[in-house]
Amino acid sequence: MFCEVYLLDLPYHIDRPFDYSCGDDLMAGALVKVPFGRANNLRLGVVFKLKDVSEGNNIKPVHSKLDERFALTEQMLGLCSFLKEYTLCTIGEAVRCILPPGALSDKLNISYRQTVSLAVEREFAAALLTGTGRGALRSEGQRNILRYLLSVTEADSQLVRELAGVNSTHIAALKAKGYIKISESENIRNPYGFYAKERDTSKIVLSKAQLSAFEKIRELMITGKPNCALLHGVTGSGKTKVIMRAIDECMELGKCAVMMVPEIALTPQTLSIFCRRYGERVAVIHSSLSAGERMDAWRRIRRGDVDLVIGTRSAVFAPLPNVGLIVIDEEHEHTYKSESDPKYHARDVASYICGKSGALLLLASATPSLESYYKAKNGSYTLVELKERYGGVSLPDAVIVDMREELRLGNTTPISARLLKSLEEVKEEECQAILFLNRRGYNSQVSCKGCGEVLGCPRCSVSLTYHTDSKSGRLMCHMCGYTQPVPRVCPECGEEKLSFLGFGTQKVEAELTKYLPDMKVMRMDADTTSGKLAYDKMLDDFRRERADILLGTQMVAKGHDFPKVTLSGVLLADTSLFVSDFRASERTFSLLTQVIGRAGRAAQGGVAVIQTYAPKNEIIRLACIQDYEKFYEGEILLRKELTYPPFCDIATLTVTSDRDIHAMGDAKRLSDILLSELEGDIGKLPFVVFGPFEAGVYKINEKYRMKLVVKCKLNFAVRKMFSRILRKFSEESKNSTLSIDFNPLSSG
């Protein structure tokens with residue numbers, strides 16, 4: 001017998017199957033070690049295909065097989081092939097994406113639990129405690145162990161060791177005498193298992209609008225054919241209840257479901273709702289879990305112990321045996337797109353899985369991506385709408401504050417008079433507020449008034465941000481993490497004329513504390529949530545009203561439901577609006593809509609204060625009145641006129657090198673390779689090529705980056721063309737690397 005093996009650590013240009021001889025006990029999908037190269041070094045690989053004949057010479061045998069529990073199924077192998085074709089990754093990168101961390105290690109991260117129990121009749125054990133003579137136990141430690149085991153059926157060995165006067169020697173002695181036995185079993189780590197102890201089996205009551213939405217979704221699900229629906233509902237419309245009813249229906253059909261949420265929305269509140277409803281048969285997957293916890297979750301799913309998987313982007317790869325529903329909540333979020341290889345979008349992977357499984361893909365958002373809403377409008381997706389908030393609650397009133405007028409009146413702080421007044425009212429009413437600023441740190445940059453020099457990162461082509469975490473403060477690069485003390489004089493001209501410009505969450509926190517000393521401010525950004533559970537604890541504390549104001553970056557804006565929040569504020573609505581990216585308007589509208597939607601989710605209503613230097617901007621105005629339809633109509637016309645997605649696809653080709661001369665030279669060579677490809681038959685298809693040009697941030701962590709951007713229509717032939725380009729460049733280049741990203745988060 002022979003087998004085709006893909007090695008897991010080869011570069012893209014030689015990522016192909018190699019033939020090896022094997023026994024008839026090997027199956028497709030097995031993980032193996034094989035000799036490779038002249039030195040016959042052992043390499044990890046995956047068996048893709050078995051065959052009776054090989055055309056190769058000097059075929060080497062497979063050396064050994066890895067743990068069969070992590071062998072890939074036929075569906076997983078198909079998914080690897082899909083990722084390789086769709087994202088231009090290697091098979092090894094795809095396999096590592098699908099398997100849990102540590103699965104390819106020689107020493108698996110599996111935890112074991114030891115239990116101690118009696119190996120003799122209980123009457124005999126009791127006699128050992130009461131008897132005298134040679135058969136009696138004289139060791140008090142051994143006697144304590146027997147006393148304890150007579151009161152329980154079995155006990156964890158660690159608990160036994162904690163008994164008075166007991167150590168491992170006493171346990172070993174009793175085992176040697178045959179009085180006790182020690183059993184070992186796998187310990188499945190589930191950090192969210194405690195939620196399932198308080199089951200919530202109450203019936204989900206839907207409003208008339210919600211019930212209508214659910215019925216549309218149910219009709220698509222029961223067909224058993226692949227379908228996609230977009231659940232578009234205003235903030236607070238109760239999309240989660242509709243989704244839960246859909247999951248119930250999926251389980252009643254005997255199938256499994258995946259519920260994906262953005263990382264920042266995976267809160268204890270969300271997990272509590274789903275784990276209490278669906279109990280022990282829920283697994284959670286996200287990047288903050290330890291490698292062991294992720295491995296145990298994966299193994300539970302693979303064994304068939306799970307009906308519902310909740311998680312972030314990587315949850316789409318959960319090895320569920322019979323998928324009936326995949327939900328992508330807040331589907332517009334950029335975190336569903338991977339920026340490292342494989343550069344997949346969870347929506348595309350989910351669509352592939354649903355196509356193979358005959359499942360329903362349910363996208364949900366108050367502000368869908370333009371691509372998804374366009375497909376819903378033209379009939380590719382089924383559009384399901386919720387146009388009103390649940391329970392008759394009104395959307396918050398939005399007030400736009402012109403910060404230019406604040407400056408004219410002499411207010412140079414980040415907090416307008418209107419926002420300050422609203423915060424005082426929140427305190428009087430014993431309510432809470434959420435404030436959003438998408439900029440952390442104290443000051444956004446430090447410059448010299450004498451020579452105009454802006455203090456920049458020596459490793460990246462960006463300015464340093466001032467933070468006040470130490471007594472003297474520090475300057476930090478938000479790209480690479482570089483830090484340095486604040487200099488006393490300008491490093492360029494030597495003058496003591498350094499000025500601190502702009503503001504971030506740290507400065508706003510200081511200003512709020514200064515003007516509102518009676519209000520407790522909780523700051524939530526990357527600087528305050530570095531600990532594993534810091535984010536969860538902050539949200540829990542805020543829910544328990546241990547703070548009056550929750551101030552933070554994007555993580556405060558998404559998916560939270562705090563009944564006491566009656567005020568939401570955006571401190572600088574312009575930060576994401578005027579950037580060089582065709583998605584700038586879409587992201588700004590979405591972000592503002594989400595922040596505004598955090599307020600007034602209970603009966604007392606709410607208000608949103610939007611501070612901006614562009615008060616007449618149409619995007620800001622439409623976000624304030626939550627008019628997605630009007631925003632979409634204007635934006636889709638602009639996209640069509642300028643030929644941007646969804647009317648084309650975009651491929652970015654990025655050349656990276658540790659020397660700028662190499663980056664520039666190889667980018668020119670890449671351009672020549674691309675243009676030569678377009679001279680053939682493929683060039684008859686529509687293509688628009690821009691570049692090469694320097695990336696928006698040219699230098700990151702001592703690496704220089706040049707880009708080409710291609711507008712095209714991606715199909716099998718076009719992806720093959722880009723694959724040839726990547727292979728040719730990788731074969732020839734010694735000084736630079738090339739990465740290709742289809743429909744990236746940013747085109748700059």
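**Overall size**

I looked up the radius of gyration first, taken over C-alpha atoms, with a globule rule of 2.2 Å times the number of residues to the power 0.38. For 748 residues, a compact globule would come near 27 Å; the protein has 30 Å, which agrees. I then checked the C-alpha trace, which spans about 100 × 75 × 65 Å along its principal axes.

I noted what I was working with: a predicted model, where local features need pLDDT of at least 70, side-chain atom pairs count only at pLDDT 80 or more, and totals for chains, interfaces and linings use all residues. Residues are numbered from 1 along each chain as its sequence is written, and side-chain values use heavy atoms, with hydrogens and water left out.

**Inventory**

I found 21 helices and 30 strands in the protein. These are DSSP runs, numbered from the N terminus: helices are H or I with at least four residues, strands are E with at least two.

I looked up burial next. Buried means under 20% relative accessible area, exposed means over 50%, and partly exposed lies in between (1.4 Å probe, protein chains only). Buried residues make up 52% of the 748 residues.

I checked contacts too, meaning heavy atoms within 4.5 Å. Among contacts between residues at least 6 apart in sequence, 74% join residues at least 24 apart.

For charge, I counted Lys and Arg as positive and Asp and Glu as negative, leaving out His and the chain ends. Each charge is placed at NZ of Lys, CZ of Arg, CG of Asp or CD of Glu. The protein has 100 positive and 92 negative side chains, and the centres of the two sets lie 3 Å apart.

**Aromatic pairs**

Rings of Phe, Tyr and Trp (its six-membered ring) pair if their centres lie within 6.5 Å; planes under 30 degrees apart are stacked, over 60 edge-to-face, and the rest tilted. My search of the whole structure gave 21 aromatic pairs.

I picked Y373 and Y628. Their ring centres are 4.9 Å apart and their planes stand at 85°, so this pair is edge-to-face. Y373 is in helix 12 (residues 370-377) and Y628 in helix 19 (residues 628-642), so the pair ties together parts that are 255 residues apart in sequence. Y373 has 0% relative accessibility and counts as buried. Y628 has 5% and also counts as buried.

I then took F589 and F631. This pair is stacked, with 4.3 Å centre to centre and 5° between the planes. It links distant parts of the chain: F589 sits in helix 17 (residues 584-596) and F631 in helix 19, 42 residues apart. F589 is buried at 1% relative accessible area, and F631 is buried at 2%.

Which residues form one aromatic cluster? I listed Y373, F589, Y628, F631 and Y632.

**Helix 12**

I went back to helix 12. Its buried residues are L370, E371, S372, Y373 and A376. They pack against strand 9 (227-233), helix 11 (346-357), strand 14 (360-365), strand 15 (382-386), helix 17 and helix 19. After helix 12 comes G379, with a positive phi near 95°.

**S422**

My last entry is S422, found in helix 14 (residues 417-428). Is S422 buried or exposed? It counts as buried, at 4% relative accessibility. S422 touches L567 and V609, not counting residues up to four places away in sequence. I also checked S568: S422 and S568 are 146 residues apart in sequence and 9.7 Å apart in space, C-alpha to C-alpha.
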